[in-house]
Amino acid sequence: MVLEGFAPYAGGGMMSDGSPTPPVIACPECRATGRKVGLVALDALLTEEAHSRLGDGECYRFCKTGSCDVAYFGERAAVIFHLTDLRVPVFQKSSEPSRLVCYCFEYKVSDIEDEVRRTGGSTVPAVIGQKCKAGLDRCEEMNPQGSCCLGNIRQVVQQATPKKADV
Ligand SMILES: [Zn+2]
């Protein structure tokens, strides 16, 4: 399938000495190493316009740098998807309390912060853990990072929990 607007592999996929171009693993804009993400996430989360730029057989990486506008970049082709190319806000790249941190079961950052404020802790990590164990999660396609949100959830809980010294 030939996709309109898809640039072929940069440099034709070959170095000048004929060896294959090494895969791009660092974000083209912030230079942080991106994490490999399954195509299923891009497939589900990209806007229609952005989706038309998906290359056949390309591998993508997710940039998690909070201040960087890049969501995904291709390992071989010069394809970059920015935050505006996604249908959902990316947890790592927004400070909006109403953004989702768990995309499968739709927990917002503010839900967890409110619970911690009210009760001093959060039952969300345990609830999500159980749902994942039961096979109800679809992190690979629901979460822009393409993997389970539990690490991010714990981070939100920890940040919302007052330090002992503050109490
Ligand atoms: Zn980046």
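Me: In which order do the 4 strands of the open sheet lie?
Reply: In this predicted model, the pairing within the open sheet is antiparallel, and the edge strands, each of which pairs on one side only, are β1 (35-37) and β4 (80-82). Averaged over the sheet and with direction ignored, neighbouring strands are turned by 30° against each other. Read across the sheet, the order is β1-β2-β3-β4.

Me: Which residue of β3 is the bridge partner of F62?
Reply: Strand β2, residues 60-62, pairs with strand β3, residues 70-74, in the antiparallel sense over 3 bridges. Within β3, R61 has F73 as its bridge partner, while the bridge partner of F62 is Y72.

Me: Which residue in β4 stands opposite Y72?
Reply: β3 also pairs with β4, again in the antiparallel sense and over 3 bridges. These two strands form a hairpin, with 5 residues between them. In β4, the residue that stands opposite Y72 is F81.

Me: How many of the 5 residues of β3 are buried?
Reply: A residue is counted as buried if 20 or more other C-beta atoms lie within 10 Å of its own. By that count β3 is largely enclosed by the rest of the structure, because the number of its residues that are buried is 5 of the 5.

Me: Which element supplies the largest share of the largest nonpolar core?
Reply: The largest nonpolar core has 33 residues, and those with the most contacts inside it are Y72, V101, C102 and I153. Elements that each supply at least two of its residues include β5 (100-102), α3 (109-119) and α6 (150-160), and the core draws at least three residues from each of domain 1 (10-85) and domain 2 (91-166). The largest share, 4 residues, comes from β3.

Me: Leaving aside neighbours within four places in sequence, which residues is C102 in contact with?
Reply: C102 is among the residues with the most contacts inside the largest nonpolar core, as is I153. With its neighbours within four places in sequence left aside, C102 is in contact with Y107, I128, C149 and I153.

Me: Is α4 roughly parallel or roughly antiparallel to α6?
Reply: In α4, V124, P125, I128 and G129 meet L150, I153, R154 and V157 of α6. The axes of α4 and α6 come within 10 Å and cross at roughly 170°. Because of that crossing angle, the relation of α4 to α6 is roughly antiparallel.

Methods. Residues are numbered from 1 along each chain as its sequence is written. This is a predicted model: local features need pLDDT of at least 70, side-chain atom pairs count only at pLDDT 80 or more; totals for chains, interfaces and linings use all residues. Two strands pair if DSSP finds at least two bridges between them. Axes are lines fitted to C-alpha atoms, for helices over the stretch in contact, and angles run from 0 to 180 degrees between N-to-C directions. A nonpolar core is a set of buried Ala, Val, Leu, Ile, Met, Phe, Trp, Tyr and Cys residues joined through C-beta atoms within 7 Å. A residue is buried if 20 or more other C-beta atoms lie within 10 Å of its own, exposed if 12 or fewer, and partly exposed in between; C-beta atoms are placed from the backbone. Domain bounds come from an automatic or database domain assignment. Two residues are in contact if their C-beta atoms, placed from the backbone, lie within 7 Å. Angles under 35 degrees count as roughly parallel, over 145 as roughly antiparallel, 65 to 115 as roughly perpendicular and the rest as oblique.
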